[in-house]
Amino acid sequence: MKFVLRFFLLSLVFFSCKTEDSNDLQLGVWRAELQLTPDEALPFIFEVTSAQSLKIFNAEEVILVNDITYSNDTIVFKTPVFDGFVEAVINKGSLKGNFIKEDLGRVVPFTAEFGNSKRFASETNTTNQNVAGNWEVVFSPNIEAETYMAKGIFKQDGVNVTGTFRTTTGDYRYLEGLIDGNTMRLSTFDGAHAFLFTAEINGDTMDGKFYSGSHWEEPFVAKRSESYELPNANDLTFLKEGYETLEFKFPDADGNMVSLSDYRFKNKAVVVQVMGTWCPNCLDESKYYSEYYNTRSSKDVEFVALAFEYAKTKEKAFENIKRLKDDIGISYPILLAQYGTSDKDEAQERLPMLNHVLSYPTTIFIDKKGNVCKIHTGFNGPATGDKYTDFKTEFTSFVDALVSN
């Protein structure tokens, strides 16, 4: 009996010590920062729900992360689909390490603290500025070669702001932040891109700066304009004069060369998706296309994606493609059109009948006779609200018309 009691007490001490010394992340809310510049840090909030699961929050977006590994006092976690990852040392209620994108050679310092749920700290917690509504935005306004237009779409509740910027190539996804006095700060982090926007608000104008990770920053200016619209996404990319069809031949994961002349595309409408597994807007688009394709009772329309990957090797590129297909449940083929770079000029060389490849993603609609009927540049994702709803309505109507003709 004494032996049993002694064994029980020793076991209790052992397991108590193990729990106390465990290097698993504490359950609950954490506030993280990516140090983009010496003066600017991008914050985001995540919640650890178990030792092997956490959630990242960006406004209405919730990203579930299940790819978590531990090694001694170090944790590595990777968001779904994308190849970027966080590697950090655990020290009780804090983390210190880096956000790493190996294929691009990018490393951004990362820290996190347990128990803080405030994305941005406010010194005043008040503002007399209101950014709700639509804004006409110009990025890099003083550098003609780099200037591009955007549309800001924001909602405001007290000092809290959510919204996004739409461009001709897509949107900056779910942004969240606040206005402190006259200063607005918005951020998002999804495992691929880390975006931070700062701006001084003066009534119906704003003067700001956009940071993409630690490798890019540019100024922007904006003015309130409820009626402002970007150019029509169906007019930006088109076939060069003399072309009526799209032609390509690229490999799938099994090494089969696939082209539009293959039997599976014969006498069917075809949706061709120009994309990359590294691209957040492409992810949003792929989720919608996959759901549409998988729930269509009769496959009277076919999809095929052409992946332009910056992965350095063909093997790594196909690994990223497989991860995307598995995570989303994509059942249509994704072909490897290019690897080693996602340069748009080189992509256009692979599709020489296009005037340019302006955006990842770009969607090319082909009728049953093989003729290109429409090319849609970019993608208005769920963060754009009504624009996303309008896109889905337009997409469904147009594909139904292609199928019925």
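This is a predicted model: local features need pLDDT of at least 70, side-chain atom pairs count only at pLDDT 80 or more; totals for chains, interfaces and linings use all residues.
## Overall form

The protein chain contains five helices and 25 strands. Its C-alpha trace spans about 90 × 60 × 35 Å along the principal axes.

The radius of gyration can be compared with that of a compact globule. For 405 residues such a globule would have a value near 22 Å, and the 24 Å of the protein chain therefore agrees with this expectation.

## The nine-stranded sheet

Nine strands form an open sheet with antiparallel pairing, in the order E4-E3-E2-E1-E9-E8-E7-E6-E5. At its edges lie strand E4 (61-65) and strand E5 (67-71), each of which pairs on one side only. On average, neighbouring strands of this sheet are turned by 25° against each other, direction ignored.

Ala32 has Ala112 in E9 as its bridge partner.

Strand E18 (residues 216-224) pairs with strand E10 (residues 133-139) through five bridges, and the two run antiparallel. In this region, Trp135 stands opposite Arg224 in E18.

E18 also pairs with strand E17 (residues 205-212), again in the antiparallel sense, over eight bridges. Here Gly208 stands opposite Phe220 in E18. E17 and E18 form a hairpin with three residues between the strands, and Gly213 in this hairpin takes a positive phi near 55°.

## The helix pair H2 and H5

Two packed helices are described by the angle between their axes and the distance between the axes. For helix H2 (residues 280-295) and helix H5 (residues 386-404), the axes come within 12 Å and cross at roughly 40°. The crossing in which H2 passes H5 is right-handed.

Which residues of H2 meet H5? They are Tyr288, Tyr289 and Tyr292. On the H5 side, the residues they meet are Tyr388, Phe391, Lys392, Phe395, Thr396, Val399 and Asp400. The residues of this contact between H2 and H5 divide into seven nonpolar, one polar and two charged.

How values were computed
Residues are numbered from 1 along each chain as its sequence is written. Side-chain values use heavy atoms; hydrogens and water are left out. Two strands pair if DSSP finds at least two bridges between them. Helices (H or I, at least four residues) and strands (E, at least two) are DSSP runs, numbered from the N terminus. Axes are lines fitted to C-alpha atoms, for helices over the stretch in contact, and angles run from 0 to 180 degrees between N-to-C directions. A crossing is left-handed if the near helix is turned anticlockwise from the far one by less than a right angle, and right-handed if clockwise. Contact means heavy atoms within 4.5 Å. Ala, Val, Leu, Ile, Met, Phe, Trp, Tyr, Cys and Pro count as nonpolar, Asp, Glu, Lys and Arg as charged, and the others, Gly among them, as polar. The radius of gyration is taken over C-alpha atoms; the globule rule is 2.2 Å times the number of residues to the power 0.38.
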